[in-house]
Amino acid sequence: MAAVEIRPGIFWVGVNDRVTDLFEGQWPLPHGVSYNSYLVVGEKAALIDSVKAAFAEELLGNIAQVMDPARIDFLVVNHMEPDHSGALPVLRRVVPHAPILAAAPALPMLARFYGITGGVRAVPDGAALDLGGKRLSFHPIPFVHWPETMATYEATEKVLFPCDAFGSFGALEGALFDDEADLALYEPEAVRYFANIVGMHTKPVLRAIEVLAALEIAVIAPSHGLVWRNDPSRIVDLYARLSRMEGERAVTVVYGSMYDHTRRMADAVACGVTAAGLPVKVVDAARVHPSFVLAEAWLRRGLVLGSPTYDTGIFPAVEHALRLIARKRLANRVVGLFGSAGWQGGAVRKMAEEVAELGWELVDKLEFKGAPVREDLAAGEELGRRVAERVKA
Ligand code: FEO
């Protein structure tokens, strides 16, 4: 994509990445991802964040559509993760005179990641930088999602650059702004991005939202995904809701199944949820990457887990998903458990132990032998109904 002027004198100069399969080496990118870099041009010019190292030349090409990259005066580093800082060594060679501005915790990272020690300035909380016609200020938002993360604000056009905060997966599909793009693609990818990348840091996200609320914001320009100029509050509200972990009044059924016994019970549980009047989503943990299972569990307050007993324990795909959900510290879930066993159970008991450690509310659990008979399926429906009733309550 070519450079886009998002406000007078403020340009998107980022790149689309449609070739990386796994973000952070683990999260699938079926729709790609964008690395958004921004050029703020007054009498002086500042580049806010950069891109992954492999895309440095494309970044320079986009900057060149606006101005000679060698005339950039400042490099602002909101966040040191290499999807935003990877082009710094190249930029340093192009603009050796331009100081790098970052929060203090970024300085040792600059040294360790790139051997950059000179020409770096730590910017204190609230520090301002007058570019002549454009005014930047810097606002730490630690642990959204690394300790050095800060947001940059441009006061004349009221644009916030919050880096990963309010970002999403999904490359830009020929449209940069929220009023041009298909939100049906980006909002689910924002949920998955939130759950996968920043989900473990919900308190820092809520703190950041509170701190940034003091700024008058017309445009939110994050470092991944859409620029929100029509309704910035929409993405802020989504992040706030997800951070509070209340979950929608709905139920996610996550199961694994070797010979369809547990799958048939998952369907029965789902029917029970529907009969109680709540929406339900059924997810086969063995066929969906845990990245997506985590996002589905994050969305809904009810969570029913089903697993056959495998090697005396939980079916590995379900166990993997459950461990990831626990690792991200998802709270406030109303839970049901079910499982099948060929001769000796164990999966349900072990899932119950994990649920107890997480402090989730366990409504009920059931385990059956072999193929589910009519009475078993009726008990599964009742389990779904009871979890739904607790979610409604
Ligand atoms: Fe998009 Fe934490 O980097």
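In what order do the five strands of the open sheet stand, and is their pairing parallel or antiparallel? The order is E18-E17-E19-E22-E23, and the pairing is parallel. Two strands count as paired if DSSP finds at least two bridges between them. Helices (H or I, at least four residues) and strands (E, at least two) are DSSP runs, numbered from the N terminus.

Before I continue, a word on the basis of these values. This is a predicted model, in which local features need pLDDT of at least 70 and side-chain atom pairs count only at pLDDT 80 or more, while totals for chains, interfaces and linings use all residues. Residues are numbered from 1 along each chain as its sequence is written, and side-chain values use heavy atoms, with hydrogens and water left out.

To return to the sheet: strand E18 (280-284) and strand E23 (361-369) each have a single partner strand, so one side of each is left without a neighbour in the sheet. From one strand to the next, the twist averages 15°. Axes are lines fitted to C-alpha atoms, for helices over the stretch in contact, and angles run from 0 to 180 degrees between N-to-C directions. Strand E17 (residues 248-255) pairs with strand E19 (residues 300-306) over six bridges; Val254 has Leu305 of E19 as its bridge partner.

Two helices lie across these strands. Helix H8 (residues 261-275) lies across E17, E18, E19, E22 and E23, at about 150° to E22. Helix H9 (residues 290-299) lies across E17, E18 and E19, at about 130° to E19. Contact here means heavy atoms within 4.5 Å.

The structure holds one cavity of 30 Å³ or more, and the largest cavity has a volume of about 50 Å³. On a 1 Å grid over the protein atoms alone, a cavity is a set of points where a 1.4 Å probe fits but cannot get out; lining residues have an atom within 4 Å of a point. Grid points are joined across faces, edges and corners, and the volume is the space filled by probe spheres set on the points. Strand E9 (74-77), helix H2 (82-85) and helix H3 (88-94) each give two or more residues to this lining, and E9 gives the most, with three. Among the lining residues are Leu47, Asp49, Val76 and His84.

Finally, the domains. An automatic or database domain assignment gives the bounds: domain 1 (4-244) and domain 2 (252-387). Their centres, taken over C-alpha atoms, are 38 Å apart, and 14 residues of domain 1 are in contact with twelve residues of domain 2.

Conventions
1 Å grid on protein atoms, 1.4 Å probe; cavity = no way out; pocket = protein on both sides within 12 Å on 5 of 7 lines; lining within 4 Å.
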